[in-house]
Amino acid sequence: MATKLPEAPRVGMVSLGCPKNLVDSERILTKLRSDGYAMSPDYAGADVVLVNTCGFLDSAKEESLEAIGEAIAENGRVIVTGCMGKEAETIRARFPNVLAVTGAHQYEEVVGAVHEAAPMPPSPFVNLVPDAGLKLTPRHYSYLKISEGCNHRCAFCIIPALRGDLVSRRPDAILREAEKLVEAGTKELLVISQDTSAYGVDIRKEPRLWKGQEVIPHMTDLARELGRIAPWVRLHYVYPYPHVDQVIPLMAEGLILPYLDIPFQHASPSVLRSMKRPANEAKVLERLKKWREIAPDLTIRSTFVVGFPGETEADFQYLLDWLDEAQLDRVGAFRFEPVEGAAANSLPGAVPEEVKEERYARIMAKTAAISAAKLQAKIGRTLEVIIDEVGEEGGATGRSQADAPEIDGEVFLRDAGHLGQGDIVRVEIEDADEHDLYGVPLA
């Protein structure tokens, strides 16, 4: 007579915020799956719902609170984790029925809360999970977190208060995870942390053995080893420290993608000083020029804050002029928003909301024009493209080496019905607009 296994409790997950939060969610789900829990794609089928919150901006906090409220309304059994876990009193005051509240990357605590809220029925059998763990991204690309926390104390940011100081992972552990991800089908590794350039400064004297060779916990050494594992390796959140110069030759060699995500935030020296960030914008322009000489296809993406307290029209015009010189490929902008606990809140010279909006519109128009010109220059070229989605009518959507998923542009393909998700193909570029490219795969 066949033995009928008891049905495992089902866990639902709502993951908000940045890719670092997404990695946290994947780790939590992987641990729960290894403990025997099943996953639920909707509220109705879940025995308990996890909401992984973002607390970086007040608007993000409000979105998190709305997500908690929706989960309670739809399911009723909710555990809150993530960056807003630091504000447990605020969450409980609004939602007294939440089952538990835990902080960012407190994996054991949140898993323990799930075990308490939805205990596993006794069973002599063990459920297995893939070696790469459970993922919330498509099979062909994966985020790879190399550290937690940050040693910077930027005036507008409360990440150190939420996630603590920098704690780097062992390089051999990172490389082992990367290898498992690639074995499971990952073609593109997206390296993330709060400060990728600072990787290893806390464990710099602790090299680890990998494949019989010592690997130093340093961004350059780690990038080189990752480039030997995955077809595409993309670096995010790279502060322009001097040693970033050492990474550019790896791009010229084709070992890692010629792509850097650098959070400049501003260019005006006075605003950068107020932000408590390095104010060496002229030297950065020189380095960008040298980097492009070494790796001509280098893509630089960045983000900027407009309307920071004390930002004058002259400061903002300085930023626009700097962008004309820097010719960054991909740019995102944010209107300054006070965040509870941030030092910037007490700075004088608050910028009126209507001025923020006007400056935001101007910087987006400026960067869109730069992007359009750069993409027009790619018409007629042949580029490598990774396929994200194949349509039913012969079309496909992918990304070039210059495009990170969900934040940059896309490449729309015709005559591509024979391709599969995750394929890396050569594409002739036929057209472009402000943000995207259009082309056809080569035989």
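Which cysteine sulfur is closest to the sulfur of Cys154, and how far away is it? I will come back to that in a moment, after a word about the model itself.

What we have here is a predicted model, in which local features need pLDDT of at least 70 and side-chain atom pairs count only at pLDDT 80 or more, while totals for chains, interfaces and linings use all residues. Residues are numbered from 1 along each chain as its sequence is written, and side-chain values use heavy atoms, with hydrogens and water left out.

Now to the cysteines. The sulfur closest to that of Cys154 belongs to Cys157, and at 6.1 Å it is too far for a bond. In general, a disulfide is a covalent bond between the sulfur atoms of two cysteines; the rule used here asks for a pair of cysteine sulfur atoms within 2.5 Å, and a search of the whole structure finds 0 disulfides. Cys154 is buried, with a relative accessible area of 10%, whereas Cys157 is partly exposed at 21%, where buried means under 20% relative accessible area, exposed over 50%, and partly exposed in between, using a 1.4 Å probe and protein chains only.

Let me turn to the aromatic rings. Rings of Phe, Tyr and Trp (for Trp, its six-membered ring) pair if their centres lie within 6.5 Å, and planes under 30 degrees apart count as stacked, over 60 as edge-to-face and the rest as tilted. By this rule the count comes to 8 aromatic pairs. One of them is formed by Phe264 and Trp322, which are edge-to-face, with 5.3 Å from centre to centre and 70° between the planes. Phe264 lies in the loop between strand S13 (259-261) and helix H9 (269-275), and Trp322 lies in helix H11, so the pair ties together parts that are 58 residues apart in sequence; helices (H or I, at least four residues) and strands (E, at least two) are DSSP runs, numbered from the N terminus. Both Phe264 and Trp322 are buried.

Phe308 and Phe336 have ring centres 5.3 Å apart and planes at 75°, so this pair, too, is edge-to-face. Phe308 is buried, with a relative accessible area of 0%, and Phe336 counts as buried at 10%. Together with Phe156, these two residues form one aromatic cluster.

Finally, there are charges over rings, which here means that NZ of Lys or CZ of Arg is within 6 Å of the ring centre and within 35 degrees of the ring normal. The charged end of Arg335 sits over the ring of Tyr360, 3.7 Å from its centre, and Arg399 lies over the face of Tyr141, at 5.3 Å from the ring centre.
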